[in-house]
Amino acid sequence: MTAPAQLLIDGKLTSASDGASYAILNPATGLEIGRAPDATAEDVDAAIAAARRAFDESDWSTDVALRLRCLRQLHEALLAEKVAFEALTTAEVGMPGFMMGAAGFDVPVEGLKWVTDLLETYEFETDLGVAAPMGIKSRRTVRREPVGVVAAITPWNVPTQINLAKVGPALAAGCTVVLKPAPDTPWVAAELGRLVAEHTDIPAGVFNVVTPRSHEVAAVLSTDPRIDMVSFTGSTATGRAIMAAAAPTLKKVFLELGGKSAAIALDDADVASVAGATAFTACIHAGQGCAITTRLIVPREKYDEAVQVAAATMESIGAKDPADPGAICGPVISQVQRDRVEAYLRLAVEEGGSFATGGHVIDQPGFWIEPTVVAGLDNTSRLAQEEIFGPVLVVIPHDGDDDAVRIANDSPYGLSGSVDSGSLEHALAVAARIRTGTLSVNGGVWFSPDAPFGGYKQSGIGREMGVAGFEEYLETKTIAVPA
Ligand code: NAD
């Protein structure tokens, strides 16, 4: 049984200051499963003040041994609560159980351990040696120090992955954090706050969780001068707004944004196998993954075969209750998201496309969409250009390598993708021409705690996970002394 969702402000688990709360819905049923504190502007202000004070006045930013001990405690607490945490994630997020072995739970929790292990060996200082700039002999040292107070703003689709991929490295680096999850999924973030409060020695104010329903209340996180960095994952539109709002105080802004990634089957690939695998991927978590390949780009002469295989694969998967152990495609998160995806399905027809399978919402309680394959559109269509965030795959023909590369890169996004060929050399040569932050070649898997993840172009700025994801939370200071 999970504890009720509470805010964590300055080490205390608490309700909203005015007692207000809002419903947390199970997207599979549309029914209320709990309530979240609707943090007020005063609550957010108190969280920022606590994080600022903890950074400026506690030992957190300088005491690596303290950070190591506390992060190991948090890791152990998460492992101890694995079963309850996963059940909560399925109920609140609608995430199918099979994802818990990956982005749902195991990888982010392993990622917390990975960054804690990194902290044990990370060289915060580099000796640059002696030089004599302008004739003055000096010994120079480069020191890496925490950025300061971090506002971590996260979306609803894979909340534990994204919460921990920010909170873990930020805390390990010595920053203090105000975590603000999406109002659709406040509970798993609140659980993280509870574990910190109840199972770790993390000092008061170092980690805070606020769950306001309104974006207006959250917006102060990008403008408040006491915050040094905004680490944001969400839509490109919101990322742009946050970057603009952060400009007057010149905060460091780290953005993980949307995607419209391409899966390319080259002429010598097993196109049926690529089509089946890509259709499967597009169904995972009802397509609510920023790095999912949602454009399938196949040789023109094998187009019909690819569409058929993709459609048959989606039909065999279907949309299922995420609590069902066989579920791959659960519900979408909310009524708003269901309506948004439905509008794209109408647009597919208006743009001249057709459905090889799916194409409709499923009329049952909760928020459900049929897994859908759209055929007959080219890459200039809005269906191929815009992020839908539903189980919708667009199949596009190509006329050889140059054309496939052109189509894949003809996108405002550059987050992920895949290239498949009968020849690894051929696939790697094409992969080198794709402008994205991660790529799977011939079925390789890039998603791992030690591998940097992030986007080119309008998919973001910066990298999460890996050493690069840790160093996002560090400043660089060069110190020179007479030699
Ligand atoms: P969203 O942009 O609507 O919201 C993301 C977060 O920002 C939420 O917590 C929201 O409450 C908050 N927010 C919104 N306006 C704000 C403001 N003015 N000031 C401060 N906070 C504000 O995104 P979403 O709908 O929650 O999530 C889906 C999007 O996230 C998709 O576009 C998806 O591609 C993207 N995403 C990207 C990655 C990645 O790593 N690149 C990972 C997952 C999701």
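**Glu256**

I started at Glu256, which I found in strand β11 (residues 252-256); helices (H or I, at least four residues) and strands (E, at least two) are DSSP runs, numbered from the N terminus. A quick note on what I am looking at: this is a predicted model, where local features need pLDDT of at least 70, side-chain atom pairs count only at pLDDT 80 or more, and totals for chains, interfaces and linings use all residues. Numbering runs from 1 along each chain as its sequence is written, and side-chain values use heavy atoms, with hydrogens and water left out.

The unreviewed UniProt entry annotates Glu256 as "active site"; such annotations may be inferred rather than shown by experiment, and UniProt positions are given in the numbering used here, with feature names shortened. Is Glu256 buried or exposed? Its relative accessibility is 3%, so I log Glu256 as buried (under 20% relative accessible area; exposed is over 50%, partly exposed in between, with a 1.4 Å probe and protein chains only). Leaving out residues up to four places away in sequence, I list its contacts (heavy atoms within 4.5 Å): Lys166, Phe232, Thr233, Gly234, Phe453, Gly454, Gly455, Ser459, Gly462, Arg463 and Glu464.

**Thr141**

Next I went to Thr141, in strand β6 (residues 138-146). Thr141 counts as buried because its relative accessibility is 19%. With residues up to four places away in sequence left out, Thr141 touches Glu125, Thr126, Leu128, Lys477, Thr478 and Ile479.

I noted 38% helix and 22% strand over residues 18-479, with the end C-alpha atoms 48 Å apart.

**Helix α4**

I checked the length of α4 (residues 106-121): its 16 residues should span 22 Å at 1.5 Å a residue, and the end C-alpha atoms are 23 Å apart, which agrees. The expected span is 1.5 Å times one less than the number of residues. Buried in α4 I found Val107, Pro108, Val109, Gly111, Leu112, Val115, Thr116, Leu118 and Leu119. What covers them includes α2 (64-80), α5 (159-173) and α15 (466-471).

**α3 against α6**

Last, I looked at α3 (residues 82-93) and α6 (residues 186-199), which pack at about 155 degrees with axes 9 Å apart. The axes are lines fitted to C-alpha atoms, for helices over the stretch in contact, and angles run from 0 to 180 degrees between N-to-C directions. That makes α3 roughly antiparallel to α6 (over 145 degrees). From α3, Phe85, Leu88, Thr89 and Glu92 meet Pro186, Trp187, Val188, Glu191, Leu192 and Leu195 of α6.

How values were computed: Parallel < 35°, antiparallel > 145°, perpendicular 65-115°, else oblique.
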